[in-house]
Amino acid sequence: QVQLVESGGGLVQPGGSLRHSCAASGSIFSINFMGWYRQAPGKQRELVAAITSDSSTNYADSVKGRFTISRDNAKNTVYLQRNSLKPEDTAVYYCNVITRLPAGSLRAYWGQGTQVAVSS
């Protein structure tokens, strides 16, 4: 089993910044994918940013140029730096990690979710 522990999030004014981290621990053979999703009230969960094992990144159009995803492979940790936050960034943010087992199969895990509120 793999456990994900998120930290960060909170209340911030428009234009502010927040840094979020997600640390994976447990029976990890290798990590294939690390990403951040968010879900705003009344909306579906959406992918915000993702980073693969070769550090290729992908961002939702709505956050390009404002959010940066990074990972520390030695610590099995993924980070999300959010700058120039807008009220529409308000949501619960979830960490997602996909691990690869020795036999080659993949398994996905989710963090507990962290509320981010952008308001003046």
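This is a predicted model: local features need pLDDT of at least 70, side-chain atom pairs count only at pLDDT 80 or more; totals for chains, interfaces and linings use all residues.
Good morning. I begin with G16, which counts as buried at 17% relative accessibility. Here buried means under 20% relative accessible area, exposed means over 50%, and partly exposed lies in between, with a 1.4 Å probe and protein chains only. Residues are numbered from 1 along each chain as its sequence is written, and side-chain values use heavy atoms, with hydrogens and water left out.

Let me return to G16. This residue sits in the loop between β2 (10–12) and β3. Strands are DSSP runs of E with at least two residues, helices are runs of H or I with at least four, and both are numbered from the N terminus. What does G16 touch, not counting residues up to four places away in sequence? The partners are R82, N83, S84 and L85, where contact means heavy atoms within 4.5 Å. For G16 and S84, the C-alpha atoms are 5.5 Å apart in space, while the two residues are 68 apart in sequence.

S84 itself belongs to the loop between β8 and β9. S84 is partly exposed, with a relative accessible area of 39%. Its phi is near 50°, a positive value in a residue other than glycine. As background, most residues other than glycine have a negative phi. N76 also has a positive phi, of about 50°, although N76 is not a glycine. Its place is the loop between β7 (67–72) and β8 (77–82), and N76 is partly exposed at a relative accessible area of 24%.

I now turn to the overall architecture. How many helices and strands are there in the protein? There are zero helices and eleven strands. The radius of gyration is 14 Å, close to the 14 Å that the globule rule gives for 120 residues, so the protein is as compact as a globular protein of that length. That radius is taken over C-alpha atoms, and the rule is 2.2 Å times the number of residues to the power 0.38. Along the principal axes, the C-alpha trace spans about 50 × 25 × 25 Å.

Of the 120 residues, 41% are buried. Among contacts with a separation of 6 or more, 53% come from residues 24 or more positions apart. The protein exposes about 6,200 Å², of which carbon and sulfur atoms supply 48%; these areas come from the Shrake-Rupley method with a 1.4 Å probe, and for residues only the protein chains shown count as cover.

The next topic is the disulfide. A disulfide is a covalent bond between the sulfur atoms of two cysteines. Which cysteines form a disulfide here? They are C22 and C95, with sulfur atoms 2.1 Å apart, and the criterion is a pair of cysteine sulfur atoms within 2.5 Å. C22 lies in strand β3 (residues 18–26) and C95 in strand β9, so the pair ties together parts that are 73 residues apart in sequence. The angle about the S-S bond is -80°, and the link is left-handed. Both C22 and C95 are buried.

Strand β9 also holds T99, which counts as buried at 2% relative accessibility. Leaving aside neighbours within four places in sequence, T99 is in contact with V2, S30, I31, N32, S105, L106, R107 and Y109.

I close with the aromatic residues. A search of the whole structure finds two aromatic pairs. Rings of Phe, Tyr and Trp (its six-membered ring) pair if their centres lie within 6.5 Å; planes under 30 degrees apart count as stacked, over 60 as edge-to-face and the rest as tilted. One of the pairs is Y94 with W110, edge-to-face, at 6.5 Å centre to centre and with 85° between the planes. This pair links distant parts of the chain, with Y94 in strand β9 (residues 91–100) and W110 in strand β10 (residues 106–110), 16 residues apart.

Is Y94 buried or exposed? Y94 is buried, at a relative accessible area of 16%, whereas W110 is partly exposed at 41%. Together, Y37, Y94 and W110 form one aromatic cluster.

R45 lies over the face of Y94, at 3.7 Å from the ring centre. R45 also lies over the face of W110, at 4.7 Å from the ring centre. A charge sits over a ring if NZ of Lys or CZ of Arg is within 6 Å of the ring centre and within 35 degrees of the ring normal. Thank you for your attention.
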